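Hi everyone, thanks for coming. Today I'd like to walk you through a structure, one step at a time.

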Amino acid sequence: MTEKKTLGMYDSFIRSGKETRATHYCAGCGHGIIHKLVTEAMVELGIQDRTVIINPIGCSVFGYYYWDCGNVGAAHGRAAAVATAINRAHKNACVISYQGDGDLAAIGFNHTFQAANRGEHIAVIFVNNAIYGMTGGQMAPTTLEGMKTKTSPFGRDPLTCGYPMHVCEVLNQLKAPVYIARVSVADTKRIMQARQSIRKALEIQRDAKGYAFVEVISPCPTNLGLDPIKTAQFCIDQMEKEYPVGVIRDLTATAEPRKPDAATPTCREYFENDESQAPAAEVDPSAKELRLKFAGFGGQGILSLGICVAEAARMEKRFTTWYPSYGPEQRGGSASCSVVISGTPVGSPAVDHPDVLVCMNQPSYERFLSEVNPGGTVIVDSTVPLNLPVPDGVKVVQMPAIDLSIKLGVPKAANTMMLAALMKLNVTGLKNENLLNALYASFKKKPALVEKNKELVKEAEQWIEDNLK
Amino acid sequence: MTKFVKGNEAVVIGALYAGCDMYFGYPITPASEIAHAAAKWFPSIGREFLQAECETASINMLYGAAAAGKLTMTATSGPGFSLMQEGVSYMAGANLPGVIVNVMRAGPGLGNVYPEQGDYNQAVKGGGHGNYQCIVLAPASVQEMCDLTMRAFTLSFKYLTPAIVLADGLQGQMMETLVLPEKELERPDTASWAVHGDAATRKNLITSIFLDAPAQENHNLNLQEKYRHMGEDVDSDTYLCDDAELVLVAYGICSRIARTAAETLRAQGIKAGVFRPITLHPFPQDALAKTVEGRKAMVVELSAGQFRDDVMLHLAKAGRFQEVSLCNRMGGMVVSVDEVVAAAKIVMA
């Protein structure tokens with residue numbers, strides 16, 4: 001870099017407390033040229049205030065010494081994720097993710113690939129020098145076949161280390177990117193081409209058109225162990241053979257600028273427009289705490305039956321908890337839920353010893369019967385044989401919930417039958433009106449089911465009247 | 001106004017009332033309902049939701065959003081929380097705020113999706129590389145899943161450091177009445193330090209690198225000074241402790257089990273009470289020491305004694321050397337009231 005000031009760069013580069021006009025890059029390194037091309041494009045396009053550059057981990061970690069724009073340092077490989085968030089945070093920002101080959105193509109490749117696939121509005125400048133620079137000359141994903149580095153001392157062997165990675169070509173398989181190009185800064189002619197591509201990538205950000213990716217073949221004399229002229233020649237002769245330069249994709253003519261955000265309600269408007277809410281709970285120490293357990297197979301409506309009872313309790317200003325316990329499988333395994341109804345804040349929401357137990361299958365009857373409190377009630381489906389000793393003071397009632405619901409043509413409504421039993425036997429202490437309203441409210445999105453369930457409740461109550469009373 | 005919601009849903013409501021602009025996350029049981037609710041509610045009110053490609057991406061998106069001055073959050077469970085530690089360290093190192101909700105499940109490794117508290121040390125002691133500590137809040141109800149998520153944003157911006165809401169699978173899945181927050185929080189002004197992509201913030205820089213060792217040491221000293229100030233935001237709760245002979249010390253869901261156990265013990269003639277830290281970092285050390293003074297103490301936790309050891313450490317720092325008993329379960333087994341009562345009787349025998 002010359003002594004001449006570059007618009008868009010700081011006048012002096014302060015590091016370790018000293019002011020200087022020299023960069024921290026080695027003689028013959030490509031970073032200085034690429035920094036300058038990025039800066040010139042930023043200034044010429046009039047987007048300096050809007051520009052945020054992600055400084056990666058690698059030799060360009062100190063980009064903020066030079067660039068007079070917003071600077072954010074990112075963890076190794078994570079620049080694409082960081083850039084994604086910054087542009088989504090400030091859609092007017094022109095975000096540049098400046099990354100080396102280890103950062104972008106090794107540790108960070110998935111983030112690179114995913115950001116490209118989402119078509120994030122970012123310009124990625126990918127500096128490919130075929131080697132890890134700052135860490136001291138280790139093999140990069142882009143290291144050429146046979147090339148000796150600190151971690152490929154016998155030369156890169158594709159059979160054990162894979163082949164040089166063609167990032168532009170991989171990204172070109174994706175639909176979303178607007179612009180993909182590979183350029184070089186090995187000589188003046190190439191720098192002029194690189195200038196155009198970098199400018200294009202920033203223009204795409206200025207116009208909010210989408211994802212732009214520019215790979216820059218860049219010399220690293222220090223780690224290649226060559227003088228600057230020979231390194232530039234290596235870039236031209238060796239690297240370009242593996243990584244041909246040129247514009248790979250350019251959809252700028254057809255890419256649409258991002259649409260403005262649609263108007264939406266505020267947080268309070270969104271959450272506070274529901275009229276049908278239960279009141280807050282009120283302390284009533286005279287109310288005895290009731291602990292209920294509902295158990296059966298998944299899919300029998302056990303969990304929603306528990307929610308119905310809990311909702312009814314809420315209507316009566318009780319403190320209420322509902323806690324589900326699933327089997328290992330989402331469907332078909334055992335499911336149970338605990339409901340606690342109390343006049344004071346509830347301690348443990350897990351019900352180990354229920355006052356009311358509703359069982360829809362044999363495993364849950366076998367599991368929970370012995371845990372029921374004295375004075376408690378067990379309602380068990382008629383398909384479950386009552387072949388276990390009943391604890392003292394516990395009442396067991398059989399209800400043909402499954403058979404009745406099948407007979408009435410709504411096999412999924414066995415839980416409604418159980419709700420009817422809870423009401424008719426009056427074991428919850430809750431008003432039937434509240435239990436029914438909670439049941440109907442659960443079908444808010446399927447109004448036809450409300451009428452059907454009204455019939456089902458009547459049938460169930462009639463059966464209990466005829467058989468249990 | 002009230003809603004009957006899962007703890008996981010209450011988290012999202014709290015975040016939105018706190019003004020959270022951006023949610024980034026990757027699905028994981030038992031935290032997924034947070035992502036489900038966020039996916040629906042964030043865009044519905046003009047906020048940003050993005051499903052990241054992994055938890056490493058999520059946390060670095062938090063880093064980016066925070067660097068851009070936004071209120072941002074993610075939610076996860078153990079395996080994802082481990083992946084996030086790199087980014088949490090970078091956020092702490094760069095003085096960036098953000099909220100991470102960890103709905104703990106059983107570990108180590110894949111473990112299972114049932115409740116545990118085995119990520120205590122990871123959350124409270126830093127978790128990633130370097131000398132840093134996050135704010136850690138421990139909700140014990142659906143209401144607190146909402147309220148403490150809001151508080152996490154407030155404290156995270158007050159101290160410019162990540163805040164963790166440390167919940168568990170049981171709290172995430174349980175439903176309770178949520179009273180909606182009375183109002184939305186006011187947005188903090190971030191223009192003095194964040195990078196907005198505009199003229200006013202053009203000179204701002206977000207980084208955690210200090211190449212010279214003296215400068216890096218100074219940075220560390222500043223961080224430690226900041227952490228010391230967090231003491232003013234300690235919070236804890238007691239239940240039936242005034243005349244207690246035995247104090248059950250527990251956080252999160254265990255504090256509720258302990259609450260029922262204390263009532264049961266009292267009915268059986270043992271005067272038990274509950275001390276519950278609401279902030280795990282900063283830890284309510286003085287309040288704990290005062291509460292257990294002259295009493296026996298037993299920790300109830302869903303981990304291998306991580307919390308008990310920390311309780312003893314805090315008591316020691318407060319000048320008290322005291323035996324603290326342990327009643328715990330692991331692996332997704334939730335300690336029962338019966339087990340706590342039985343363990344308490346042995347302590348008091």
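**Where the chains meet**

Let's start with strand 9 of chain A, which pairs with strand 9 (residues 175–179) of chain B in the antiparallel sense, over two bridges. Strands here are DSSP runs of E with at least two residues, helices are runs of H or I with at least four, and both are numbered from the N terminus; two strands pair if DSSP finds at least two bridges between them. One bridge to look for: Thr321(A) has Glu176(B) as its partner in strand 9 of chain B.

A word on the model: it is predicted, so local features need pLDDT of at least 70 and side-chain atom pairs count only at pLDDT 80 or more, while totals for chains, interfaces and linings use all residues. Residues are numbered from 1 along each chain as its sequence is written, and chains are lettered from A and ligands numbered from 1 in the order in which they are written.

How many residues of chain A are in contact with chain B? There are 56, and they meet 60 residues of chain B; contact is counted if the C-beta atoms, placed from the backbone, lie within 7 Å. On the chain A side, helix 2 gives the most, with eight residues.

**Inside chain B**

Now to chain B, where the domain assignment gives domain 1 (2–232) and domain 2 (237–348); such bounds come from an automatic or database assignment. The C-alpha centres of these two domains lie 27 Å apart. Across the boundary, 25 residues of domain 1 of chain B are in contact with 22 residues of domain 2 of chain B.

Definitions and conventions
Two residues are in contact if their C-beta atoms, placed from the backbone, lie within 7 Å.
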